Amino acid sequence: MSSVAVLTQESFAEHRSGLVPQQIKVATLNSEEESDPPTYKDAFPPLPEKAACLESAQEPAGAWSNKIRPIKASVITQVFHVPLEERRYKDMNQFGEGEQAKICLEIMQRTGAHLELSLAKDQGLSIMVSGKLDAVMKARKDIVARLQTQASATVAIPKEHHRFVIGKNGEKLQDLELKTATKIQIPRPDDPSNQIKITGTKEGIEKARHEVLLISAEQDKRAVERLEVEKAFHPFIAGPYNRLVGEIMQETGTRINIPPPSVNRTEIVFTGEKEQLAQAVARIKKIYEEKKKKTTTIAVEVKKSQHKYVIGPKGNSLQEILERTGVSVEIPPSDSVSETVILRGEPEKLGQALTEVYAKVPASWSEVRLLSQLRGLCGQALEQQTPRPGERQPWVPRERAGCCFGTTLTSANPRLFSRVS
């Protein structure tokens, strides 16, 4: 006995659409009852529709039914910049080869991180490091130690606080060295010295010193207080060359720890006897509140390659401007792409400060443009006029005679507000 399935165009179309109910008809040859031969659809019914499968799949199936959490990428990438003046190997003819290339290869082999070197326009060294977080941090420390010139500084904290900097099994010290890319040397227990030596880059030393002082402040038996102050007002509290905060510390006997510019923290930490500490906090608060009321800001755009001239050696240019004008100049971090420099101070002083910034930039004023509207003491604003072809970007006060701020800026540097052909 055998059966035959007949495939017709209509039955094949029905099979494709899956709209015909499943019915199987089999015709038996030589049977007494005569019937039509079965179609292809009848002999080979379609599989269940997808929706039915999904419904059954939604039923709980024990632990396997739980959603699987996505796995975060374990590889990170960070870019480090070594300024020209801090490069250990400055021979441009051997870039990418010689001792520098050999050191990079050794760092990659030792840490497992991947390094890519490039030369910036200012001849600084940009190093892109990729790999696992631990490998990147170790590679960064090696880069600083072997490709960047080193400086050193000391910080004095009570001898009994040294063990808190070291931490259990030296873990805290190792973590601090990795985060700041520095080498921190702590005197042995039998050494009476309380001086901790920090070796690394200027930025790394600042960060490490700040962290060491914070650890010491937490362990100090005297009172400790933290005051939140906007980062932009820290220069006014520290004063030019840190003289103002030094005077307050000397007069009150209170230790005041202001985060350095490279550390993105806003809190100022006070440590001392309760009564003297309260006096120091009150004086800092008074300075802060006065500056918030009296100061305003302007923004100028300076090419990234020119920022180092505004900063000056060891930040001396910024301190000079602050001392002469009472205006703070905020420079974007070296790892930021921003070219905006912000001047903050009393309106009548901003003109002089802006002139000094301009004087330190060895380029035409066309590279420095005002970005924000400036408001003067009289409340008059400055507006930007659309330049004609071939002209520089002009900035003129709406009412020159009635705007004290505009008059101040013009007298400080007439070029800032004059049309240059």
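Biologist: Which side chain does a polar contact of 3.0 Å join to that of Arg 344?

Modeller: In this predicted model, Arg 344 is found in strand β12, which covers residues 340-345. Among the residues that Arg 344 touches are Ser 328, Glu 330 and Leu 350. The polar contact of 3.0 Å joins the side chain of Arg 344 to that of Glu 330.

Biologist: Is Arg 344 buried or exposed, and what is its relative accessible area?

Modeller: Residues that Arg 344 touches include Ala 232, Phe 233, Phe 236 and Val 327. A residue counts as buried when its relative accessible area is under 20%. Arg 344 is therefore buried, with a relative accessible area of 15%.

Biologist: What percentage of the residues in the protein is buried?

Modeller: The protein has 15 helices and 15 strands. Its accessible surface comes to about 25600 Å², and 51% of that surface belongs to carbon and sulfur atoms. Of the 421 residues in the protein, the buried ones make up 35%.

Biologist: Where do the buried residues of α4 lie, seen down the axis of the helix?

Modeller: Helix α4 has 14 residues, 98-111, and reaches 20 Å from its first C-alpha to its last, close to the 20 Å expected. Its buried residues are Gln 100, Ile 103, Cys 104, Ile 107 and Thr 111. An α-helix has 3.6 residues a turn, so residues three or four places apart point the same way. Seen down the axis of α4, the buried residues fall within an arc of 100 degrees, so they line one face of the helix.

Biologist: Which residues does Ile 237 touch, not counting residues up to four places away in sequence?

Modeller: In soluble globular proteins, nonpolar side chains tend to be buried together. Not counting residues up to four places away in sequence, Ile 237 touches Val 229, Leu 244, Val 245, Ile 258, Ile 268, Ile 284, Ile 287 and Tyr 288.

Conventions:
Residues numbered from 1 in each chain as written. Predicted model: local features only at pLDDT ≥ 70, side-chain atom pairs only at ≥ 80, totals over all residues. Heavy atoms only, no water. Contact = heavy atoms within 4.5 Å. Helix = DSSP H or I, 4+ residues; strand = E, 2+ residues; numbered from the N terminus. Buried < 20%, exposed > 50% of the residue type's maximum accessible area, 1.4 Å probe, protein only. Areas by Shrake-Rupley, 256 points an atom, 1.4 Å probe, with all protein chains shown as cover. Expected span 1.5 Å × (residues − 1). Arc of directions from axis to C-beta. Polar contact = N/O pair within 3.5 Å; in protein donor to acceptor, adjacent residues only side chain to side chain.
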